[in-house]
Amino acid sequence: LDFYENGGVFLFDEWDAGDPNVTVALNMGFSNGYLPVLNRIDNPVAKKHPDFMPIACTNTFGDGASREYVGRFQQDEAALRRWRVGVIEMDYDRKLEERLVSSKELLKVFWKLRDNVVKAGLRRNVDTGFLLDADEMIARTSWTVEKAVKVFTRGWNKEEVKKAKANEVVK
């Protein structure tokens, strides 16, 4: 409430995973300029400061749960309309990954795997987080890049492995 009432930027991370009833109430507060604060007896209405700037990060475009993001809620048109004008799509940043991951072989293999996944239209994410974890395992244990690919694709069905050419990217 501090940013809402006093101004500032507030990031609502994982907005599409939030309880739909909460997002409805917050959306009302964004557009109407006030929020009821039921447990604040002395001042039960919060007024939106003109300098309050909400930002929401999501993993979906408001469509709801998918294979990659199971715990997501579909957003209604009223909610989507409030955010639509400021949508910025982001993808994985290879320059950042290059700076963070020490194993250049790991990067090369996983970038190829990521490209294959996209080309095949698979609903799998070849994410930076796993790259960082695999890089640490390679540095600290007997893991190889090949083992990282096997671990990463564990749980994929045979067709997904084949379409992503997961068995070929290490060669």
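Gly 7 sits in the loop between α1 (2–6) and β1 (8–12). In this predicted model, Gly 7 has a relative accessibility of 19% and counts as buried, because the cut-off for buried is under 20%. Setting aside neighbours within four places in sequence, the contacts of Gly 7 are Asp 2, His 49, Asp 51 and Phe 52.

Phe 52 leads on to the aromatic residues. Together with Phe 3, Tyr 4, Phe 10, Phe 12, Trp 15, Phe 30 and Trp 83, Phe 52 forms one aromatic cluster. The structure as a whole holds 13 aromatic pairs. One of them joins Phe 12 and Trp 15, with ring centres 5.3 Å apart and 80° between the planes, an edge-to-face arrangement. Both partners are buried: Phe 12 has a relative accessibility of 16%, and Trp 15 has a relative accessible area of 6%.

A second pair is made by Phe 110 and Phe 130. Their ring centres are 5.7 Å apart and their planes meet at 35°, so the pair counts as tilted; a tilted pair falls between the stacked class, under 30 degrees, and the edge-to-face class, over 60. Phe 110 belongs to helix α5 and Phe 130 to helix α6 (residues 128–140), so this pair ties together parts that are 20 residues apart in sequence. Phe 110 is buried at a relative accessible area of 1%, and Phe 130, at 16% relative accessibility, is buried as well.

The remaining topic is empty space. Rolling a probe the size of a water molecule over the atoms shows where such space is left. Here the largest pocket has a volume of about 1,800 Å³. Its lining is made up of 48 residues, and those nearest the centre of the pocket are Thr 58, Asn 59, Phe 61, Ile 88 and Met 90.

Which elements each supply at least two residues of this lining? They are β4 (52–56), α3 (77–84) and α5 (104–120). β4 gives the largest share, five residues. Sorted by class, the lining of the largest pocket has 22 nonpolar residues, 15 charged residues and 11 polar residues.

Methods: Residues numbered from 1 in each chain as written. Predicted model: local features only at pLDDT ≥ 70, side-chain atom pairs only at ≥ 80, totals over all residues. Heavy atoms only, no water. 1 Å grid on protein atoms, 1.4 Å probe; cavity = no way out; pocket = protein on both sides within 12 Å on 5 of 7 lines; lining within 4 Å. Points joined across faces, edges and corners; volume = space filled by probe spheres on them. Helix = DSSP H or I, 4+ residues; strand = E, 2+ residues; numbered from the N terminus. Nonpolar A, V, L, I, M, F, W, Y, C, P; charged D, E, K, R; others polar. Phe/Tyr/Trp six-rings, centres within 6.5 Å; stacked < 30°, edge-to-face > 60°. Buried < 20%, exposed > 50% of the residue type's maximum accessible area, 1.4 Å probe, protein only. Contact = heavy atoms within 4.5 Å.
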